[in-house]
Each structure stands twice: as structure tokens, then as C-alpha cells.
Amino acid sequence: MKAAKFDYTKTNDVAEALSVLTAEDGDSKVLAGSQSLGPMMNLRLARPDRLIDIRALDALKAVTQAPDHLFVGALVTHAAIEDGILPDVTRGMIQHVAAGIAYRAVRNRGTIGGSLVHADPAGDWPAALRALGAQIVIDGPAGTREAAIDTFQLGAFTVALEEDEIVRGVRVPALSGSARWGYHKICRKPGEFAESIGAYVCDPESGIARLVLAATEDAPLQLDTAAAAIAQNDGAKFDLDAARMALTETGETFDPFKLRMHAVALHRAVAQAYGA
Amino acid sequence: MMETTLTINGESITATVEPRTTLADFLREQRRLTGIHLGCEHGVCGACTIMVDGEPVRSCILYAVSCDGAHIQTIEGSDTDPVIVALQASFTAHHGLQCGYCTPAMLFTARDIVTRLPDADEDRVRLELAGNICRCTGYAGIVRAIMAVLHDRRAKNE
Ligand SMILES: Cc1cc2nc3c(=O)[nH]c(=O)nc-3n(C[C@H](O)[C@H](O)[C@H](O)COP(=O)(O)OP(=O)(O)OC[C@H]3O[C@@H](n4cnc5c(N)ncnc54)[C@H](O)[C@@H]3O)c2cc1C
């Protein structure tokens with residue numbers, strides 16, 4: 001199918017982008033890589049009256065390293081991260097995740113910011129950055145604010161972003177030399193949206209241990225109790241039964257097939273982290 | 001309607017397009033570059049893959065207006081691209097196509113593989129081809145064709 005009619009504006013000025021977003025007539029959406037919004041509009045699942053193309057906003061392309069984190073501009077593409085042109089603060093984790101998103105032709109245009117805001121339950125950045133404990137940097141009419149990723153995604157395709165705000169970028173915490181991570185996707189075909197995603201990050205130096213399950217019908221699920229136990233035992237006791245138990249203990253209900261698949265994804269992510 | 005300027009196969013073109021017109025529809029319908037094929041129109045099948053600013057992209061989910069200023073290469077403008085020419089010969093030699101619907105896009109993905117991943121083995125080639133669907137060949141001929149060009153380029157140190 002083809003997209004419905006819309007007006008189009010392109011700007012290289014953040015303030016102008018924000019002012020177009022607040023225009024009173026009709027609803028406006030920003031356009032980044034077009035790799036989620038394009039399909040949604042072709043399928044007419046999205047019918048915005050106006051698109052504001054933000055690909056020329058240089059402020060959203062910055063990549064800056066600080067001692068404790070890497071700031072990655074919202075417009076940085078999956079392909080750029082895959083190619084390792086960013087400083088590596090996650091011991092290769094974000095590079096690994098980027099390389100597994102869709103196909104190269106999609107990664108050449110798709111952006112990290114677009115993925116976070118699109119908030120597909122099976123999206124890779126929402127899952128991976130949740131496991132890393134990233135901070136989202138948001139521009140709005142009142143200035144810049146920061147939000148923890150834990151509270152950013154409210155559900156499937158829903159984020160805590162006001163209509164007049166845009167994501168400037170994301171702060172990815174730097175992992176120490178003793179940190180471990182694992183990321184496992186279950187897909188029927190490479191590049192397809194996953195049926196299950198398990199993500200695990202543990203950094204003994206900062207005391208962080210995070211276990212995340214994604215590709216449910218909701219926002220990613222964080223399993224803190226299980227993560228703490230895994231970190232304490234260096235992954236040793238986290239077998240499939242333990243993974244299943246951890247999922248049951250979240251209080252969510254999964255059908256037997258999903259439960260099995262999610263348990264495998266979590267188990268493999270942890271096994272990868274401990275080199276098993 | 002909006003004015004957009006693109007460099008299409010080396011020629012600068014200024015055209016008036018509706019914002020909702022995709023790059024694929026603009027190139028096919030206004031420029032008659034019908035080597036771009038449309039399958040799913042949501043980025044999955046890969047048949048619309050062309051080169052924008054030197055990289056393969058899906059032309060069915062990009063709007064022409066959002067590509068203002070870009071350099072576009074389609075199969076029609078690839079006769080002077082030695083990598084595409086070598087791949088075309090190899091696809092012919094190794095039975096890399098049957099109906100031909102996926103072929104122009106397949107060639108751009110193949111081009112990306114041989115230029116970006118010169119050390120790719122067969123498994124990697126198959127992985128990279130996951131984003132281009134072919135319903136005739138079973139991929140065997142396509143993989144052989146790409147492997148042959150990879151070997152050739154390695155031998156010549158390209
Ligand atoms: C065939 C195919 C397969 C895919 N497979 C996967 C996959 O396996 N895993 C995965 O994670 N993703 C996958 N994707 C989606 C891809 O990662 C997209 O790139 C991403 O979801 C959206 O990024 P974008 O830059 O294209 O955003 P757009 O499509 O331009 O925008 C998406 C949404 O985010 C909003 N937005 C974008 N940028 C900002 C910003 N800076 N501030 C505020 N709002 C913003 C837009 O308004 C829109 O609502 C796939 C896409 C395709 C076409």
C-alpha cells in the first residue's frame with residue numbers, strides 16, 4: 001500500500017523542529033531513518049498530517065565520550081554502530097547488537113533514537129539499552145531533560161515522550177574491564193524481528209547486574225532478583241529450570257511454548273556472558 | 001507538491017513530487033527506472049534495494065523528498081560500475097537468477113557484500129542475503145555467483 005497524504009518539512013534547527021511539532025493543526029511526527037515509520041505509513045497504521053524530517057539536525061548526530069559513559073546521538077545509524085566507528089565502552093556489546101538488527105540495507109538508514117521511540121516490543125535497542133541501564137536525553141520546549149530507560153518505555157509502541165519533545169540521544173554507561181554481557185535472539189530467519197530476546201549485563205565494579213527479556217507483547221521485562229543471583233554465582237546455577245522459575249516469579253503468564261522459548265533466550269544470554 | 005533535486009545515475013534531476021511519493025515510486029513512475037521492483041512495500045522482501053549515497057537502501061520505505069541532494073544509483077545506471085558488471089557476468093555463469101524479479105536488488109546486496117566484506121565465506125554470504133528474497137533459485141546459484149566474484153577479487157587483490 002501507499003502512505004496517506006501528509007505535509008513535509010525539513011529543518012536543521014532543533015528549535016524549529018520542536019515548534020513544528022507543537023503546531024496546532026493536525027498531528028505531527030518526526031521522521032528519522034524511516035525504517036519503522038515508512039512501513040507503518042505504507043500500511044496506513046500511521047497517518048500523521050505532517051512529517052518533520054530531522055536527518056539534518058547535527059545536534060542529534062554527535063558521539064561524545066565521557067569517563068563513565070558514551071553519548072550516542074539519536075541519528076546514529078545501526079550500521080555506524082555495527083562498523084565499530086564509535087568508541088567501544090560496552091566491551092563490544094552494542095556493536096554485536098547493531099549487527100543483528102534487520103538487514104544491512106535497513107541498518108544503513110535506521111537510527112538508535114528511532115528504534116527507542118518506535119518501541120517495538122521486539123526492538124533490539126529497547127532490550128539491549130535496558131540491560132545496559134542507559135539514560136535517554138530528551139529535548140523539549142523547556143530545555144533538555146534526562147530519563148532512565150527503565151521508565152521510558154511504557155508498553156508496546158508507547159514511550160514517555162511528550163508530543164513536543166524529541167530524543168537527542170542516549171547515554172550508554174561504560175562497562176569496566178571485568179564486566180560481562182550476553183545477548184541472545186531467537187528468530188526463525190536472520191534479521192527478522194525476534195520471537196524472544198534475552199539480554200544480560202553484569203559489572204562487578206559498579207555492582208550492576210541486569211537481566212532483561214524482550215519480544216513479549218509489552219515493554220522489556222527486567223528480572224532483577226534473578227540477575228543478582230546470577231551475578232553472585234557467576235552464572236553457575238542459572239540452568240533452564242532456573243530461567244523458567246525466574247520467568248514465573250515475575251508474575252507474568254506465558255503459554256508453555258513462550259515460556260520455554262523465553263527461558264532458552266535468557267539461559268543462552270547468561271551462558272554467553274560466562275563463556276559457557 | 002515539493003521540488004526535489006537528486007543526482008540519478010550521474011545526472012542531476014529536479015522534479016516536483018508529492019511528499020508521500022516513495023523514492024521507488026518516484027524513480028519508477030516519473031523516471032521510468034523500472035529495474036526497481038516492488039514486492040512487500042514494507043522493507044522486508046528487498047526487491048526495491050538500490051544505492052543511495054553509495055550504500056544499499058530500501059527505496060520503498062523512503063520518501064523521495066527526504067532524499068533531496070542524494071546520489072542515486074539504480075541498475076539502469078550500473079553499466080559503468082565494474083563491480084556490478086562482474087557480478088552480472090557471474091550471476092549468468094552460475095545460474096543466479098531465473099525470473100529476474102529479485103535480481104537488480106540482489107546485485108546491489110551482492111555488491112555490498114563483496115566490497116564491504118571481502119573475506120566473507122559462504123555462511124556469511126548467506127547471512128547477508130537474508131534481506132533479499134528469491135523464490136526461484138533456492139539461493140544456491142546466487143551464493144555461488146557471489147563466492148566466485150569474491151574469489152576473483154581476492155586473487156586480483158581488489
Ligand atoms: C524489514 C525490517 C526489519 C526490521 N527488523 C528489526 C529488528 O530485527 N530489530 C529492531 O530492533 N528493529 C528492526 N527494524 C526497525 C529498525 O531498527 C528501525 O530503524 C527503527 O525501529 C526505527 O528507526 P528509524 O530511524 O528508521 O526511525 P523512523 O522510522 O524514522 O521513526 C520511528 C518512530 O520514532 C520516532 N522518532 C524517530 N527519531 C526520533 C527522535 N530522535 N526523537 C523523537 N522521535 C523520534 C518517529 O516519529 C517514529 O514514530 C526493522 C525494520 C525493517 C524495515
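**View 1. Salt bridges between chain B and chain A.** Between chain B and chain A there are 4 salt bridges, a salt bridge being a side-chain nitrogen of Lys or Arg within 4 Å of a carboxyl oxygen of Asp or Glu. In one of them, the side chains of Lys2(A) and Glu41(B) come together at 2.5 Å, N to O. This is a predicted model, in which local features need pLDDT of at least 70 and side-chain atom pairs count only at pLDDT 80 or more, while totals for chains, interfaces and linings use all residues. Residues are numbered from 1 along each chain as its sequence is written, chains are lettered from A in the order in which they are written, and side-chain values use heavy atoms, with hydrogens and water left out.

**View 2. The area buried between the chains.** Chain B and chain A bury about 2,500 Å² between them, 54% of it on carbon and sulfur atoms; buried area is the accessible area (1.4 Å probe) that two parts lose on being put together, summed over both. On the side of chain B, the residues that lose the most area to chain A are Arg20(B), Ile61(B) and Tyr63(B), which together make up 25% of what that side buries. The contact (heavy atoms within 4.5 Å) takes 31 residues from chain A and 32 residues from chain B.

View 3. Met51(B) has Pro56(B) in S4(B) as its bridge partner, and among the hairpin's 2 residues between the strands, Asp53(B) takes a positive phi near 50 degrees.

Key
Pairing = 2+ DSSP bridges. Helix = DSSP H or I, 4+ residues; strand = E, 2+ residues; numbered from the N terminus.
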